[in-house]
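This briefing covers a sheet, a helix and a single residue. Please look at the sequence and structure first.

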Amino acid sequence: MCGITGIMAPEIGGVDQSTLRKMTATIAHRGPDGDGFYFGQKVGLGHRRLSIIDIEGGQQPMACESRQVILTYNGEVYNFQSLRRELEAEGYQFSTHSDTEVLLKSYLAWGKECVNRLRGMFAFAIWDNRSQELFMARDRLGIKPFYYTELSDGTFLFGSELKALLAHDAVRRKLRIDALEDYLMLGYVPDPKSLVEGVHTLPPAHTLVRNANTGNMQLSCYWAPDIIPSANSVVDEGELVERLEEAVKLRMIADVPLGAFLSGGVDSSAVVGLMSRNNDDAVETCAIGSDDDDFDESGYAQSIADHFGTHHRLRLASANDGFLLDRMAQVYDEPFADLSALPTYRVCGLAREKVKVALSGDGGDELFAGYRRHRFHMLEENLRGRIPLGLRRLIFKPLGTLYPKMDRAPQFLRAKSTFEALARTSAEAYCHSVSKTPDRDRYRLHTDRMKKKLAGYHPHDLFTKIADEVKGADELSTIQYIDLKTYLPGDILTKVDRASMAHSLEVRVPILDHKFVEYAMRINPASRIVEGEGKHVFKKALEGFVPNETLYRSKQGFMVPAVNWLRDELLPELRDLEKSETLADTGLIDMNGVKEMIEEHITEVRDHHTTLWSLLTLDRSLRHLGLSV
């Protein structure tokens, strides 16, 4: 696992070596084992290395063909050994045992189509001096990040993190308004945007080619999962586990100590169990618990550790972790409002004390419909399908407006969100259901200037666009597809990548092996949610391997008790937020709305913890980035 940077200059000799070195130094945490550089006539490539495979022989940037083709690469290609055998059969020779050299020679053998043969997580750039092209790619699910921008003079920059690009003095630090609105609603900035105007992310499963002579850029998508269910509606549970086990075994290849995260939930328990079955020694596992009993799952994790005989370690998260708010701004650059980022950061630090690589269970909820919102959405879809949209808007929009928001009432009385969802299209309703700050609250934060600059833009436009890509698919698969394109790369994988890389830890996600994703997304959707239970088919397949008390207990999630923190220990942070010059100076955030929400939360009139946490992280990030409007 590594960090990469690069500069393509518009003129010969235009690469500023000191600037590239400065860009690369900003991401030294991604690769503390060394750095490397290539400087050509128009292109410079930087690399920070975290040595995992072939520790002695995988240095980068790596060149071949008389230094005509040069690679800088972040990630792991798990099928590199089989690809190497295939390349050797075609006459290619190797001087290292690294997956880096296999990737480079895959490009020589198959050109830009090489990405279709790669099985792993990656973001890379290959400079081909023969064609004068820079070829860039990101893995299918977006596990590894890739930022890029083009400056006004034609200079092209890329890097693993936003901070690498901002190290270049010519990058304008201007706030992108629609990305801010995306963040306020979703809690993250979705691909291909960044919070900085003119800086983009390469979307998952895409390649980008830039020609050094013409400056032309070509963006192409090379993969999308087929979500049309298989003709065989009967799931072979044994095959499901075998496919996951293969993905796990591939991710256990490393020349350094390896372990796993263990939350005690279904997904991490399955991964740890399969690791234990394929490892002679006890697997190193770790977990973060909570000093609040209502949020503490550490007992479940310990139970699974005992069941599979792992060497398990635990630490507790507490309100004292609030000091990490400032650290999170440095780690994530862009504002990031997922409350579980704090315990994720802590568990990565705990893991790094013993191992250099850790496997995680991320992805199971997205593939097998494990979120509560999936079940609620399908219940709403039953009604949406019976009543035309126009009539639904006529009936439910007024109800959604008039019905009170009752955060502390029993679940069956909290109908406001349901009424609001029923007045929307399916894609719009799903965007509403995943929002950190729904319309009714977000609009309280908009100044007139913000409304004018948005010019009618709404984040649900992205959800509608993605849903249109799979028009005709069943309703459940459609929202899962939306998750794969938005929440998974924008939230879950961003959270884990930045938190782990901040500790120089590589995290591998076997459930998101693209072959397993293709298999899982074609399973009959009727077997994913059965009688109100999500992930039904996955749980059934694991029966007899993972204890039933783990499989069938209520899902809790990797969270912190922020509702109470923001009324007690972190109350001073909210009082500072009321007076935030950073937010006020944008002219986009209505500070009166902020103050009202703070008072409503403190006095327990309303629960605004997700919105207030979003604003706290936004305040820190804007200070860190120094953006102008």
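Two strands pair if DSSP finds at least two bridges between them. Helices (H or I, at least four residues) and strands (E, at least two) are DSSP runs, numbered from the N terminus. The model is predicted: local features need pLDDT of at least 70, side-chain atom pairs count only at pLDDT 80 or more, and totals for chains, interfaces and linings use all residues. Residues are numbered from 1 along each chain as its sequence is written, and side-chain values use heavy atoms, with hydrogens and water left out.

**Sheet**
- Strands β13 (residues 258-261) and β16 (residues 357-359) are paired in parallel over 3 bridges, and A260 has L359 of β16 as its bridge partner.
- They belong to an open sheet of 5 strands with parallel pairing, in the order β15-β14-β13-β16-β17.
- Because β15 (311-317) and β17 (506-508) each have a single partner strand, one side of each has no neighbour in the sheet.

**Helix α20**
- Helix α20 (residues 487-501) has 15 residues and spans 20 Å from first to last C-alpha, close to the expected 21 Å (1.5 Å times one less than its number of residues).
- Of its 15 residues, 15 are buried, so α20 is largely enclosed by the rest of the structure (buried means under 20% relative accessible area, with a 1.4 Å probe and protein chains only).

**Residue S106**
- S106 lies in helix α3 (residues 99-110) and is buried, at a relative accessible area of 0%.
- Beyond its neighbours within four places in sequence, S106 contacts L83, L87, G111 and C114 (heavy atoms within 4.5 Å).

Conventions:
Buried < 20%, exposed > 50% of the residue type's maximum accessible area, 1.4 Å probe, protein only.
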